[in-house]
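Please find below a colleague's note on the structure under review.

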Amino acid sequence: MQADVPAPDSPWNEIVPGLWMGGHEFRGRTGAVEFAVVRDEFDVVQTLLRLPGHGPDTDVEHHVWPIPDGPLDGTQLAGVIRLARAACEALDGGRKVLVRCYHGYNRSGLVVAHALIRRGNSADEAIRLIRDRRSPWALHNELFVEYLRAGLPTARLLEELAE
């Protein structure tokens with residue numbers, strides 16, 4: 001499913017070459033909700049909310065790190081940082097990466113944005129790119145935007161101090 005510009009009925013959108021973002025369900029062409037099931041379209045799949053029967057195939061590298069679409073503790077933020085680093089390493093190796101959560105807006109956006117920041121974008125550039133390529137609704141969780149603007153390592157340290 002190669003696309004440079006997000007299709008309104010697409011379960012996944014390419015944010016930058018090789019890095020895709022999406023969810024487990026989407027509105028199809030008829031307007032009905034459809035399930036997005038991953039098979040072998042990607043080399044690496046990162047899942048922030050796992051639903052049975054949504055793939056990927058067993059021979060696809062799959063990282064699962066369930067996090068809420070809300071405040072994250074230091075351990076959860078550390079996992080997001082690790083996923084973003086793994087996504088960057090896979091991209092550097094020429095692999096196709098999908099980062100997904102339930103609707104493909106907030107949790108996946110946090111990981112993808114941090115990966116983009118690691119690759120040289122500012123937080124605001126990363127957020128804008130994700131909203132342009134995925135959806136204007138992407139990263140509508142203002143807390144996640146604050147995490148990105150502060151920097152995830154800084155947010156992680158602050159969360160751990162508060163615990």
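This is a predicted model: local features need pLDDT of at least 70, side-chain atom pairs count only at pLDDT 80 or more; totals for chains, interfaces and linings use all residues.

1. Helix 1 spans residues 74-92 and helix 2 spans residues 107-118; their axes come within 8 Å of each other and cross at roughly 60°. An angle of 65 to 115 degrees would count as roughly perpendicular, and helix 1 and helix 2 are therefore classed as oblique to each other. The handedness of this crossing is right-handed.

2. The residues that form this contact can be listed for both sides. Helix 1 contributes Val80, Ile81, Leu83, Ala84, Arg85 and Cys88, and these meet Leu110, Val111, His114, Ala115 and Arg118 of helix 2. By class, the contact of helix 1 with helix 2 comprises eight nonpolar residues, one polar residue and two charged residues.

3. Ser108 also belongs to helix 2. Is this residue buried or exposed? Ser108 has a relative accessibility of 0% and therefore counts as buried, the cut-off for that class being under 20%. When neighbours within four places in sequence are left aside, the residues in contact with Ser108 are Met21, Gly22, Leu48, Val99, Arg100 and Cys101.

4. His54 is placed in a loop, with strand 5 (44-47) on one side and strand 6 (61-64) on the other. Its relative accessibility is 8%, so His54 counts as buried. The side chain of His54 reaches the backbone oxygen of Pro52 at a distance of 3.3 Å. Apart from neighbours within four places in sequence, His54 is in contact with His24, Phe35, Ala36, Val37, Val38 and Arg100.

5. What is the crossing angle of helix 4 and helix 5? The axes of helix 4 (residues 142-150) and helix 5 (residues 152-162) cross at roughly 110° and come within 6 Å. Helix 4 is therefore roughly perpendicular to helix 5, since that class runs from 65 to 115 degrees.

6. The contact of this pair involves Tyr147, Leu148 and Ala150 on the side of helix 4, and Leu152, Thr154, Ala155 and Glu159 on the side of helix 5. Sorted by class, the contact of helix 4 with helix 5 has five nonpolar residues, one polar residue and one charged residue.

Terms used: Residues are numbered from 1 along each chain as its sequence is written. Side-chain values use heavy atoms; hydrogens and water are left out. Axes are lines fitted to C-alpha atoms, for helices over the stretch in contact, and angles run from 0 to 180 degrees between N-to-C directions. Helices (H or I, at least four residues) and strands (E, at least two) are DSSP runs, numbered from the N terminus. Angles under 35 degrees count as roughly parallel, over 145 as roughly antiparallel, 65 to 115 as roughly perpendicular and the rest as oblique. A crossing is left-handed if the near helix is turned anticlockwise from the far one by less than a right angle, and right-handed if clockwise. Contact means heavy atoms within 4.5 Å. Ala, Val, Leu, Ile, Met, Phe, Trp, Tyr, Cys and Pro count as nonpolar, Asp, Glu, Lys and Arg as charged, and the others, Gly among them, as polar. Buried means under 20% relative accessible area, exposed over 50%, partly exposed in between (1.4 Å probe, protein chains only). A polar contact is a pair of N or O atoms within 3.5 Å; within protein, one must be able to donate a hydrogen and the other to accept it, and residues adjacent in sequence count only if both atoms are side-chain atoms.
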